[in-house]
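Me: Please take a close look at one part of this model, the surroundings of the ligand. I would like one connected account.

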Amino acid sequence: MSDSTYAPISGHLDDVEEAREEGRRKMDWALQHMPILQELREQFAESKPFDGQVIGMAMHVEAKTANLVELLALGGAEVAITGCNPLSTHDDVSAALDANDSITSYAKRGVDEDEYYEAMHAVVSHEPTVTVDDGMDLVYLVHEEYPELIDTILGGAEETTTGVHRLRAMDEDGELNYPVFAVNDTPMKRLFDNVHGTGESSLANIAMTTNLSWASKNVVVAGYGYCGKGVAKKAAGQNANVIVTEVEPRRALEAHMEGYDVMPMNEAAEVGDVFLTTTGNRDVITREDFEKMQDGAVLANAGHFDIEIDLDALSDLAVDEYEARDGVDAYEMEDGRRINVLAEGRLVNLASPIALGHPVEVMDQSFGVQAVCVRELVENGDEYDAGVHDVPDELDVEVAEIKLDAEGVDIDTLTETQEEYMNSWSHGT
Ligand code: NAI
């Protein structure tokens, strides 16, 4: 078992009280706009579904996530959390969480690689019975270094596309030894968080970080998946000319039929003003592309890991590197062209200096699904074999109904005849 001595956030800050107060203010603001978590707070405070459970989490520690963490604690759990990206933690929010007797937060912004993993080990030292990940780091660590914990782990929940990809690959190799819900893949998460959340927050962050307009810019969106679609639509809505790059023929065709220009990255490199990668893949923008880019090109990534833009190659090409603005690193080429990279190539909507992550309402949905998944694992975990599981549809629908109710939106209900018709194969003309 881990004998980690890594200190929680409170031990790293000079003025802990002030940080806690500011973090609490941010959490309170977010919670006002999270009707799903509010409803679940009432339910969980009453029923205490997590009594006796220890929940280990690795997520982006900011105000919205903090409300999920507190909801789990309110439901009776002991929670230990750290960040899932070295730059996305808000220290004040982390400190506010750490002030709760049932929560230990190790998350700290700007940690180096060693500290990042030390904090991860510290979370595992609490011996979690449930893991909640954004990117699969905890599941990986438990399997690699603490397999003795697996017997007592009821299961896990995974937030993002890249984490689910990694988990499915692990499952296919027969190496995933406890059940994990693919929270990312639910309609209530993916159709809103990936599409609207990534679209709005990435574009807002790029605009605020650069102080530049979208109007008339050539915006190159790499990857036309859920995130790419949101980015493309919202960039077009702000009068940008959208260019899509893809490797999957049907997605490329979808983008083409949507009216966007579709071309290989090496061609887009010549005309793009702003580039945003959303592929979840590596080496999407490389040396051959940097060589063709115009002076002043702006590059950002919204995919989970910082491997979509080949920054080593860019650095090799550069004769000078400097901070052009807060959150903007300029790489100057021998011929004088400047290529600008935002947030060190990490998720721009979460890791840039002014990043706030997705809009609150969107994360209310994603975290509502996380919360009911943890409840399901605690209540019925033994019904799930080791491996990746789709979230049961009724849980996703439960969260949608709470949200519709909060929004005051009524919908129709199938009549018995309609239901019978929809389930029948024997009817014809
Ligand atoms: P997705 O699988 O729906 O879409 C990815 C697309 O990229 C696919 O259409 C794929 O064909 C394409 N692609 C793969 N390699 C490519 C290449 N070399 N060039 C061009 N296109 C390529 O995945 P989704 O849900 O859109 O997620 C994408 C990434 O964003 C993942 O890493 C995910 O974890 C992350 N993510 C980030 C969020 C944020 O807040 N920034 C929120 C949600 C997801």
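Reply: A polar contact is a pair of N or O atoms within 3.5 Å. This is a predicted model, where local features need pLDDT of at least 70, side-chain atom pairs count only at pLDDT 80 or more, and totals for chains, interfaces and linings use all residues. Residues are numbered from 1 along each chain as its sequence is written, and side-chain values use heavy atoms, leaving out hydrogens and water.

Start with the contacts. Tyr-226 places a backbone N or O atom 3.2 Å from a ligand oxygen. For His-304, a backbone N or O atom is 3.0 Å from an oxygen of the ligand. Asn-194 uses its side chain: an N or O atom there is 2.9 Å from a ligand oxygen. Alone, the ligand exposes 860 Å², and the protein buries 89% of that (Shrake-Rupley method, 1.4 Å probe).

Now the shell. The ligand is surrounded by 28 residues (a heavy atom within 4 Å). Thr-160, Thr-161, Thr-162, Glu-246 and Asn-349 are the closest. By class, 16 are polar, 8 nonpolar and 4 charged (Gly counts as polar; Asp, Glu, Lys and Arg as charged). Domain 1 (9-189 + 358-407) and domain 2 (195-351) both contribute residues to this shell, so the ligand lies between them (bounds from an automatic or database domain assignment).

Technical notes
A polar contact is a pair of N or O atoms within 3.5 Å; within protein, one must be able to donate a hydrogen and the other to accept it, and residues adjacent in sequence count only if both atoms are side-chain atoms.
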